[in-house]
Amino acid sequence: MSAPKKFAPKKVVLAYSGGLDTSIILKWLQTEYGCEVVTFTADLGQGEELEPARAKAELLGIKPENIHIEDIREEFVRDFVFPMFRANALYEGLYLLGTSIARPLISKRLVEIAAACGADAVAHGATGKGNDQVRFELACYALNPDIKVIAPWREWDLTSRTRLLEFAEKNQIPVAKDKRGEAPFSVDANLLHTSSEGKVLEDPAVAAPDYVYQRTVAPEDAPNTPEFIEVGFERGDAVSINGEAMSPATILTKLNELGGKHGIGRLDFVENRFIGMKSRGIYETPGGTVLLEAHRGIEQITLDSGAGHLKDSLMPRYAELIYNGFWFSPEREMLQAAIDKSQEHVTGTVRLKLYKGAATTVGRWSDHSLYSEAHVTFEDDAGAYDQTDAAGFIQLNALRLKLLGARDRRLKD
């Protein structure tokens, strides 16, 4: 029986950063498959100049009409980050999912560009060890079940830095001098966070070097005077800072600046990857950490206890779905509908104190507030609440406990 015929794409849309690795992938696709390559470079707020990616792609033989560089920061925050923050999503109780939430949007654009230009495949630069390969591919298949996905790191024999550099030199791919040595760690960045892992960070017993941190000052070096800010919300989404209305991406950018200045949002985390291994990462999410605290603060007075407790019980599953790459799954969409329903009255303003690595809610107010000072006051409540009602409430809740206690005592006697 003959081996199955290898897929031969005619045109491939590549998620292209313009860096050495994806440039090697670009040339490898051309040489290995003999196909036409279309590049897609997304500005997700990673803080890098992206126009050099255009020149690099042209240098590698890509036609100008096949080079796509797009600023998708607003869509990223509005349609992906903000819906996730309505859930207060934390993976394994700590991680704000900065890398995870960017992959569905990149995949969406890959598939859309493939459809627009008649490509029959997409390609990504994720390795075979990580979560991103899963996230990219699950999203692509959900959006186009017929799309073919090429993952060079699972196919090629360029298994060392030396081989990668040899391939680059053989194919006249420019290699910056600082790329010839081993990078001390790997970085992924977008408007929500930076993620650093590998190399000097692989031993979880060893503290991360100070130079790993890129967006935040060390908390001990942060200003000695606290800063107070106010974040306004409408239906669970931040809409203003200090009374000034801003777009979603502008809000997150400003919160990054404020949080970073005060050393907020650092996380040294060993997580469980979906594929089964543990991984140590250093995350910086200054704006997201402030936003999470603010959102929790406004929910405290506007969200009913039953809805809030149910929502909190759903959150770990919701966060896991995002982490594992199931953003476009029906179960994530079902949970999102419930979460969004809970946010109908999450409108108001939160006052926060930013100081030495911490964002703390110090005030919150809303026309939609459920907080009743008349009921909770330690002073005379003027009949707002009848304290004798608590006796029957306690007796009814105690009834089953009394019956259990009586049975246990009877069996002991």
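A salt bridge here is a side-chain nitrogen of Lys or Arg within 4 Å of a carboxyl oxygen of Asp or Glu. By that rule, Arg 86 pairs with Asp 237, with the closest N and O atoms 2.8 Å apart. The model is predicted: local features need pLDDT of at least 70, side-chain atom pairs count only at pLDDT 80 or more, and totals for chains, interfaces and linings use all residues. Residues are numbered from 1 along each chain as its sequence is written, and side-chain values use heavy atoms, with hydrogens and water left out.

**Domains**

- The protein chain splits into domain 1 (11-179) and domain 2 (188-303 + 345-365); these bounds come from an automatic or database domain assignment.
- The C-alpha centres of the two domains are 26 Å apart.
- An unreviewed UniProt entry places "domain: Arginosuccinate synthase-like N-terminal" at residues 11-174. UniProt positions follow the numbering used here, feature names are shortened, and annotations may be inferred rather than shown by experiment.
- Residues 11-174 are 45% helix and 15% strand, and their end C-alpha atoms lie 24 Å apart. Helices (H or I, at least four residues) and strands (E, at least two) are DSSP runs, numbered from the N terminus.

**Interface of domain 1 and domain 2**

- In contact (heavy atoms within 4.5 Å) are 32 residues of domain 1 and 35 residues of domain 2.
- The size of an interface is often given as the accessible area lost when the parts come together.
- Here the buried area is about 2,700 Å², with carbon and sulfur atoms giving 63%. Buried area is the accessible area (1.4 Å probe) that two parts lose on being put together, summed over both.
- Phe 82, Phe 85 and Asn 88 supply 22% of the area that domain 1 buries against domain 2, more than any other three residues.
- The rule finds two salt bridges across this interface.
- It also has 17 residue pairs in polar contact, both residues at pLDDT 80 or more. A polar contact is a pair of N or O atoms within 3.5 Å; within protein, one must be able to donate a hydrogen and the other to accept it, and residues adjacent in sequence count only if both atoms are side-chain atoms.
- Helix H3 (73-86) and helix H5 (132-143) each supply at least two residues of the side of domain 1 that touches domain 2.
- H3 gives the largest share of that side, 10 residues.

**Salt bridges overall**

- The whole structure holds 27 salt bridges.
- Asp 21 bridges to Arg 161, the closest N and O atoms being 3.3 Å apart.
- Asp 21 sits in helix H1 (residues 20-33) and Arg 161 in helix H6 (residues 161-170), so the pair ties together parts 140 residues apart in sequence.

**Backbone exceptions**

- Asn 242 is not a glycine, yet has a positive phi of about 55 degrees. Asn 242 lies in the loop between strand S9 (237-241) and strand S10 (244-245).
- Ala 382, also not a glycine, has a positive phi of about 55 degrees. Ala 382 lies in the loop between helix H11 (373-376) and helix H12 (389-412).
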